Amino acid sequence: MDEKSLQILEFPKIREILANHTTFSAGRQLALELQPLTDPARIILLLKQSAEARYLLSVKSFLSLRDIHDVREIVALACRGVMLEPQQLADVRITLAVTREFREEMESVDSEIPALWDLGRDLVTLPGLEAAIEKCISPAAEVLASSTTRLTNIRFQAKEVRRRILGRLQGIIDSDPEQRFIQEPIITERDGRYVLLVKVDMRHEVKGIVHDFSGSGATVFMEPWSTVDLGNELRELLSEEKREVERILKELSRQVAEEGPYITENIRILADLDLALAKGRYAQAIRAVEPAIAVPDEDDATWTAASSLKLVQARHPLLKGKVVPLSLTIGGDYRGLVITGPNTGGKTVSLKTVGLLSLMAHAGMPITASDGSSIPVFDAIFADIGDEQSIELTLSTFSWHMGNISRIIKRCTGRSLVLLDELGTSTDPGEGAALARAILLHILKKGSMIVATTHYGDLKVFAHTTPGLQNASLDFDPVTLLPTYHLTLGIPGGSNAIAIASQLGLPEDIIAAARELLAKGPQEVESLLADLMTEKQAMAAVRRDVEAERAEAAKLTRRLQLELEDLEGKRGHLLEETRDSLVQQAADLQRLIRSAEVDLKKARSREKVDQARKALDTLRRELASETWQPRKGAEPAKEFAPGDSVWLKDMRLWGTVLALADDGQADVQVGHSRVRLDLTDLQKFAPSGETPAPPAPASAKPRGGRFISSELDLRGKRAGDVAPELDSYLNKAFLAELGQVRIVHGFGTGTVRQIVRDELASHPLVKSFRYGEKGEGGNGVTVVEL
């Protein structure tokens, strides 16, 4: 890319802003050195990384490389055999830890960020080196005593010797005879030796070594003889400590050197990742998006619609406050745009916006525009904006422009973007307009995409009649006489210099004279352009009204649709309520029918009960054989336990205790039935050789009949079939001596369950009933005691 054009378009300022969003030095350096590229594949990859970085920051906003250090120089020192300092090793450890954590965070969403993960997967974690440094170096960059056993012992001994020295010196200070020699009751150090502050005129009264004098000369720093040997011992321990610390540091430095290539490569990768994240943060801060990249066909020398430059709601990234967005398209039927319009109307800003956003896209950066924007890949972007007058070089504004344009013409190609501001100005208008037309024709013939601004009326006509060129104007409000900064394609704009001069305070007599002196032709053109602008604004107002009515119609349609859906919902709800009411009425009628049936059954129930009692008496006589009677002379036992054979005194039957309850009752298996009885109704005899009959299984076979299950499943039965089937089952269960049965009716609408409970409540063979407990089927089951 043309370096001069980068400066003109202020791309270095964008790099500075981007660098402020990086989090460590290596990433910042990459941002400051960022250059626009011309390789389409590389540009697309960088923009994809930027988009993925925005996503990564949205799901992991805490993600940062702020704690990482660029340790490449430290690693280089270690590779040269230099012993690293504790602080340098601490920086290496932090960098290794952040690298590991950052890689883990990326790996957790690797499928969502494939382009970034292609970088992140190459990060090499070094847990061994990280743990070795962490074991020896504290976060405050101090060598830990726990690094080695030897260092632990040395520091412990040094601490003990230091304690003894301080104890002796404190003893001297606290001693009454010695206090008269002491200048101040404090202990300090000189040259690594602990000393006392002794009055200079009393120094001969104290036996010891003089290490220093105070600045005033009134105090001498003395080490008493009583601590000299301990001081020497401490000095030796400190020397040993130093040697051991150096040995530890050298070993850690050697390990850093061994892993040096991996650490260096990690820093390079982390710098790339930091730059990508900086682009993501920058995009979040300025509401930027990644544009599509239009790759021109190498065999096609024209700028087709597929390779056009399209900006949607674009904003200059360096402008602050409220900015009127710019939308334009260049390509397809035309590859050159000639922008006209009022002074201070935004022509130069528009030109810079096109150039700067194109440079940012080529550098893999998001741009301040909306989705739908696309930028083709240019081999170079040239700009001639502003001027660089030089008195020393006798360089006028016109000379500077022509020199710069000459340089651009020589270097531009059929794949270049050329931006020319105020083309042909600063000289005679006639000659300037002729030069401008010739320059535009020449650049068009070379195939470059071009955007130019001008005030020349001749160029407006030229753009209208020349294939490949298109007029565009920045609007001017004819009522307020102020620029609107809105770009319109296809219509040239007036300069409105006289109106703007009036707005800027030029005296009215001068304004009136200027209008009188202005030729009729230009006045008519300006008037025509003003009328066109008025018509355009009127059409825009009509379009807005149509759009508003369309939006209102859509809103009304949506409201009607919602009301229709609400009515359908109410209709369905009403049908459901009606159905439920009918079901409830049917259930009430069924209860009335069952009540009538119960009354009829009661008349027949006595006969059935008599038959059942006769059958039970017969069964008792059969069971009350000699082998089932307690032996004469057997002694009753007083305590009961599960498994005991017991005699049921009222029923005159044998049973087996299944379980004991806390309320003085017991569950007893009698024949095929399980009943709960008071312990007072039971009698246990001490074992006398009898072997009671084993308990019956969970189903029973009535005499002369088939086996009866302890469970009746009524799910799916018709309401009219439930009561007869239940009554038949209860009669058979009673004859089979089943003491407890389960009636499975399910949940459903509750109709079958209610029929069952109504039937049980009036049945003469039912002692009690309840809903099933947890593990028994809950409310879907009724447990019946016969």
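Reader: What is the handedness of the crossing of helix 9 and helix 11?

Author: Two packed helices are described by the angle between their axes and the distance between the axes. In this predicted model, the crossing of helix 9 and helix 11 is left-handed. Helix 9 covers residues 149–174 and helix 11 covers residues 225–258; their axes lie 9 Å apart, at an angle of about 155°. Angles over 145 degrees count as roughly antiparallel, and helix 9 and helix 11 are therefore roughly antiparallel to each other.

Reader: How do the residues of the contact of helix 9 with helix 11 divide by class?

Author: This contact contains 13 nonpolar, four polar and nine charged residues.

Reader: At what angle do the axes of helix 14 and helix 15 cross?

Author: The axes of helix 14 and helix 15 (residues 429–446) cross at roughly 15° and come within 11 Å. That angle makes helix 14 roughly parallel to helix 15. The crossing of this pair is left-handed.

Reader: Which residues of helix 14 and helix 15 meet?

Author: From helix 14 come Phe 398, Met 402, Ile 405, Ile 409 and Lys 410, and they meet Leu 435, Ile 439, His 442, Ile 443 and Lys 446 of helix 15. By class, seven residues of this contact are nonpolar, one is polar and two are charged.

Reader: Which residues line the largest cavity, and which helix gives the largest share of the lining?

Author: The lining consists of Asp 384, Phe 398, His 401, Met 402, Ile 405, Asp 421, Glu 422, Leu 423, Gly 424 and Thr 425. Helix 14 (residues 397–411) supplies the largest share, four residues. Of the lining residues, four are nonpolar, three polar and three charged. Phe 398, Met 402 and Ile 405 are among the residues lining this cavity, and they are also among those of helix 14 that meet helix 15.

Reader: How are helix 20 and helix 21 oriented to each other?

Author: The axes of helix 20 (residues 719–735) and helix 21 (residues 751–762) come within 10 Å and cross at roughly 40°. That makes helix 20 oblique to helix 21. Their crossing is right-handed.

Reader: Which residues meet where helix 20 and helix 21 are in contact?

Author: Ala 719, Val 722, Ala 723, Leu 726, Asp 727 and Leu 730 of helix 20 meet Val 752, Ile 755, Val 756, Glu 759 and Leu 760 of helix 21. The contact has nine nonpolar residues, two charged ones and no polar ones.

Terms used:
Residues are numbered from 1 along each chain as its sequence is written. This is a predicted model: local features need pLDDT of at least 70, side-chain atom pairs count only at pLDDT 80 or more; totals for chains, interfaces and linings use all residues. Side-chain values use heavy atoms; hydrogens and water are left out. Axes are lines fitted to C-alpha atoms, for helices over the stretch in contact, and angles run from 0 to 180 degrees between N-to-C directions. Helices (H or I, at least four residues) and strands (E, at least two) are DSSP runs, numbered from the N terminus. Angles under 35 degrees count as roughly parallel, over 145 as roughly antiparallel, 65 to 115 as roughly perpendicular and the rest as oblique. A crossing is left-handed if the near helix is turned anticlockwise from the far one by less than a right angle, and right-handed if clockwise. Contact means heavy atoms within 4.5 Å. Ala, Val, Leu, Ile, Met, Phe, Trp, Tyr, Cys and Pro count as nonpolar, Asp, Glu, Lys and Arg as charged, and the others, Gly among them, as polar. On a 1 Å grid over the protein atoms alone, a cavity is a set of points where a 1.4 Å probe fits but cannot get out, and a pocket is an open set with protein on both sides within 12 Å along at least five of seven lines; lining residues have an atom within 4 Å of a point.
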